[in-house]
Amino acid sequence: MPLNGSQSHQDFDATLNWKLSPDVAIRPEQFGALAYHYGNRRLVFLKSKDLVQLVQDLANYESASAAIAATIAPNNQQSYVAALARLALSEVLVVS
Amino acid sequence: MSPEPSLRDRFKLGLDAPICLTWELTYACNLACVHCLSSSGRRDPRELSTAEAKRIIDEMVEMQIFYVNIGGGEPMVRTDFFELLEYATEKNVGVKFSTNGTRITADNAEYLAGLGYLDIQISLDGADATTNDHVRGEGSYAAALAAMEHLMAAKFGEFKISVVVTRHNAAQLDAFQALADHYGAQLRLTRLRPSGRGVDVWDELHPTAQQQRDLYTWLLDHPQTLTGDSFFHLNALGDPIDGLNLCGAGRVVCLIDPIGDVYACPFVIHDEFLAGNVRNEGGFAAVWRESELFRELREPGSAGACTSCGSYDACQGGCMAAKFFTGLPLDGPDPECVLGHGEAALKAQKVAIIPRPLGDHSKPVRVSVASH
């Protein structure tokens, strides 16, 4: 279920089973990717290739935390939680 | 590695496909706005056919261009307009089209409300008929408001009211917002450019320095306002306005004109900024990816005369089109530089050599809506 706009990304629950929304198309670019949401028509930038990979891998893990733990270096994990939280806010990610 | 390096610097190098593609479908128009960017009026006999237009939409699908901004001229005067609209939206290419509203009858509003994945921008350049019609022609205010009534009655949803900010309407921003609120619409404000016929009215219509400062404050106070990223030259005044804040010409933005010519942005319809034509081999993708002009625009530029200015990082030297059509060097200040450097540069011009826009499609005599 998508989060609504009144929630801040502090409310992001990384223990849930987040995945890429079926309404979102990803266009790879040198810097990462563009993500376009056909429902809310928002264009969001995925600002690194690692983030693109993470977003696409999410569905293979039981939770966002598990995906980050398995694929992102420990020093960077916190910033990726924040990046996923922002993507959840813009409904690029949904809980399956 | 941080997941957030500077996106602006990446965008300056260009993307595999544009983020913001504008497509002027026709130079034909039933109005004759004095500031028209594309000097529209008469249809160009070389206009792309329906089949050619559909091929461009196919290319958008392949290039994952998620949406296209359609304009003109008045796009609704094309007899295949609805056909192209359906073709695009069925292929998940979202359409946002700009119209003067004259063709949005009650029936057309019903039809448009039934199409998914569609945005409409009604152009309005004054919050009252006198201010608007001075720029857009007699009867155009009433026609635009009638279109809005029809869209509201048809429950189209949130359309956009698109305003070019001028010296005459800069004090009406609250009134535009009230109008938008009344119709459940979103307000979009964009910058007047000295492009197309705009070159002839620039001196009369471009906002004063004080109006620019007021506009900047107003935009910060109304962050929900859409701007098409067109006011980044104001960022030298302080905190940046929301947006990418760079000149996207040939990097993330371009224009396809009615005859398939591809220009660096909608505001530079001039040979100097012509990158190629979609009718040539390789189509639009080849122009976007291989044109020499776009390659040059994606190279790191020098700040030129702005190098010593502490605000260059904020304003990026402003708008290329505004400089070009006022005769200023492209690596110098914007003519509306909020620190006054543009004004000084304009005064210092010994003889202003102003490039004239090419391809004038203006009708010989201005017409009013009522006569149609």
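**Close-ups of chains A and B**

**View 1. Where chain B meets chain A.** The count between chain B and chain A comes to one salt bridge. That pairing joins D119(B) to R41(A), with 2.9 Å between the closest N and O atoms. This is a predicted model, so treat every value here as computed from predicted coordinates. On the chain B side, 23 residues are in contact with 20 residues of chain A. The size of an interface is often given as the accessible area lost when the parts come together. Here chain B and chain A bury about 2000 Å² between them, and 58% of that is on carbon and sulfur atoms.

**View 2. R41(A), the chain A partner in the salt bridge.** Where does R41(A) lie? Look in the loop between β3 (32-37) and β4 (43-46) of chain A. Its backbone is worth a check too: phi of R41(A) is near 60 degrees, a positive value in a residue other than glycine. For background, most residues other than glycine have a negative phi.

**View 3. Helix α2 against helix α3 in chain B.** Two packed helices are described by the angle between their axes and the distance between the axes. For α2 (residues 50-62) and α3 (residues 81-90) of chain B, the angle is about 20 degrees and the axes are 10 Å apart. That angle makes α2(B) roughly parallel to α3(B). The crossing of α2(B) past α3(B) is right-handed. Which residues make the contact? From α2(B) come T50(B), A53(B), K54(B), I57(B) and D58(B), while α3(B) supplies E83(B), L84(B), Y87(B) and A88(B). Sorted by class, the residues of this contact between α2(B) and α3(B) are five nonpolar, one polar and three charged.

**View 4. Helix α3 again, now with helix α4 of chain B.** Here α3(B) packs on α4(B) (residues 106-114) at an angle of about 10 degrees, and the axes sit 12 Å apart. The two helices, α3(B) and α4(B), are therefore roughly parallel to each other. As α3(B) passes α4(B), the crossing is right-handed. F82(B), L85(B) and E86(B) of α3(B) touch down on N108(B), Y111(B) and L112(B) of α4(B). By class, the contact of α3(B) with α4(B) holds four nonpolar residues, one polar and one charged.

**View 5. A helix pair in chain A.** Helices α1 (residues 49-57) and α3 (residues 77-89) of chain A pack at an angle of about 65 degrees, their axes 11 Å apart. Their crossing, α1(A) with α3(A), is right-handed. On α1(A), the contact uses D50(A), L51(A), L54(A) and V55(A); on α3(A), Y80(A), A83(A), L84(A) and L87(A). What classes of residue turn up in the contact of α1(A) with α3(A)? Seven are nonpolar, none is polar and one is charged.

**View 6. A cis peptide bond in chain B.** Going from G72(B) to G73(B), the peptide bond is cis, with omega near 15 degrees. By way of background, most peptide bonds are trans. G73(B) is found in the loop between β2 (67-71) and α3 of chain B.

**View 7. D229(B) and its contacts.** D229(B) has its place in the loop between α9 (209-221) and β7 (253-256) of chain B. Leaving aside residues up to four places away in sequence, D229(B) touches D242(B), G243(B), L244(B) and N245(B). N245(B) is 16 residues from D229(B) along the chain, yet their C-alpha atoms are separated by 6.4 Å.

Methods
Residues numbered from 1 in each chain as written. Chains lettered and ligands numbered in written order. Predicted model: local features only at pLDDT ≥ 70, side-chain atom pairs only at ≥ 80, totals over all residues. Heavy atoms only, no water. Axes fitted to C-alpha atoms, helices over the stretch in contact; angles between N-to-C directions. Helix = DSSP H or I, 4+ residues; strand = E, 2+ residues; numbered from the N terminus. Parallel < 35°, antiparallel > 145°, perpendicular 65-115°, else oblique. Left-handed = near helix turned anticlockwise from the far one by under 90°. Contact = heavy atoms within 4.5 Å. Nonpolar A, V, L, I, M, F, W, Y, C, P; charged D, E, K, R; others polar. Buried area = accessible area lost by both parts, 1.4 Å probe. Salt bridge = Lys/Arg side-chain N within 4 Å of Asp/Glu carboxyl O.
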